[in-house]
Amino acid sequence: MPAGSMKPLLFLHYNLMKGYSIYIIVVAIMALSFSCESNLKEVQRINSVTFNPVGQTENINLKYTDSGKVKAILVSPLMMDYSNLQYGFSEFPKGVHVTLLDNSQKKSYVVSDYAIQYSNPDNIIDLQGNVKITSDDGKVLETSQLYYDQKNEWFYTEKHFKFTDEKGSYIEGPGVDFSKDFKIFNAQRNSAQINNVD
């Protein structure tokens with residue numbers, strides 16, 4: 001074969017190899033994208049199964065008792081039950097209104113825009129958004145987030161709070177923990193105003 005006729009064949013062979021390489025790259029990219037899309041759909045499917053509630057209840061009114069005595073009443077327009085998870089919880093996306101009763105049946109009231117009750121041994125409730133506690137004798141505590149340990153009947157937060165007593169005196173600052181009857185009250189750093197000192 002003459003040397004001049006080899007050039008077109010080599011050129012043709014080069015172009016075929018170049019086209020074949022591009023074809024392989026395109027096929028590989030398509031396979032990867034379908035694989036990624038398949039994996040993404042699988043992850044979405046797993047997440048949707050994992051975080052779907054096992055139950056949903058509207059207009060609930062739960063009573064918590066201890067030794068036959070009602071200790072708390074929780075009222076909410078909506079409860080989502082996620083007890084199917086390893087660390088189960090109940091979510092109250094439309095807020096809660098909780099009535100706490102002491103041994104002499106004096107009442108304190110707790111409200112928040114949102115809440116989660118964790119299904120752990122202490123039954124911690126995480127209250128969020130415009131949290132307000134009003135005691136039977138007129139004391140008020142306000143904060144943006146507050147945890148309530150039902151087992152130990154204890155509240156705590158690291159967020160800014162304001163506590164006002166029945167005389168209008170107040171104390172505020174970041175971080176506080178206290179008993180549900182306000183008899184024990186531990187503030188971290190605070191400022192205060194005292195009114196009507198006798």
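Mentor: Start with the general idea. Rolling a probe the size of a water molecule over the atoms shows where empty space is left. In this predicted model, the second largest pocket holds about 210 Å³ of space.

Trainee: Which residues are the closest to the centre of the second largest pocket?

Mentor: Look for Tyr 64, Lys 71, Gln 150, Lys 151 and Glu 153. They belong to a lining of 13 residues. Strand 1 (55-66) and strand 2 (69-81) each give two or more residues to that lining. Strand 1 gives the most, with three.

Trainee: How much space lies in the largest pocket?

Mentor: About 380 Å³. Its lining has 18 residues, and Asp 102, Lys 106, Lys 180, Asp 181 and Lys 183 are the closest to the centre. Two elements give two or more residues here: strand 4 (96-101) and strand 5 (107-112). By class, the lining of the largest pocket has eleven charged, five polar and two nonpolar residues.

Trainee: Which elements have the lowest and the highest mean pLDDT?

Mentor: pLDDT is the predictor's confidence in each residue, from 0 to 100. Helix 1 (residues 3-50) has the lowest mean, 53. Strand 7 (residues 124-134) has the highest, 95. The chain averages 78, and 69% of its residues score at least 70.

Trainee: Where does pLDDT stay under 50?

Mentor: Over residues 8-14. For that stretch, the model has one contact beyond four places in sequence.

Conventions
Residues numbered from 1 in each chain as written. Predicted model: local features only at pLDDT ≥ 70, side-chain atom pairs only at ≥ 80, totals over all residues. Heavy atoms only, no water. Helix = DSSP H or I, 4+ residues; strand = E, 2+ residues; numbered from the N terminus. Contact = heavy atoms within 4.5 Å. 1 Å grid on protein atoms, 1.4 Å probe; cavity = no way out; pocket = protein on both sides within 12 Å on 5 of 7 lines; lining within 4 Å. Points joined across faces, edges and corners; volume = space filled by probe spheres on them. Nonpolar A, V, L, I, M, F, W, Y, C, P; charged D, E, K, R; others polar.
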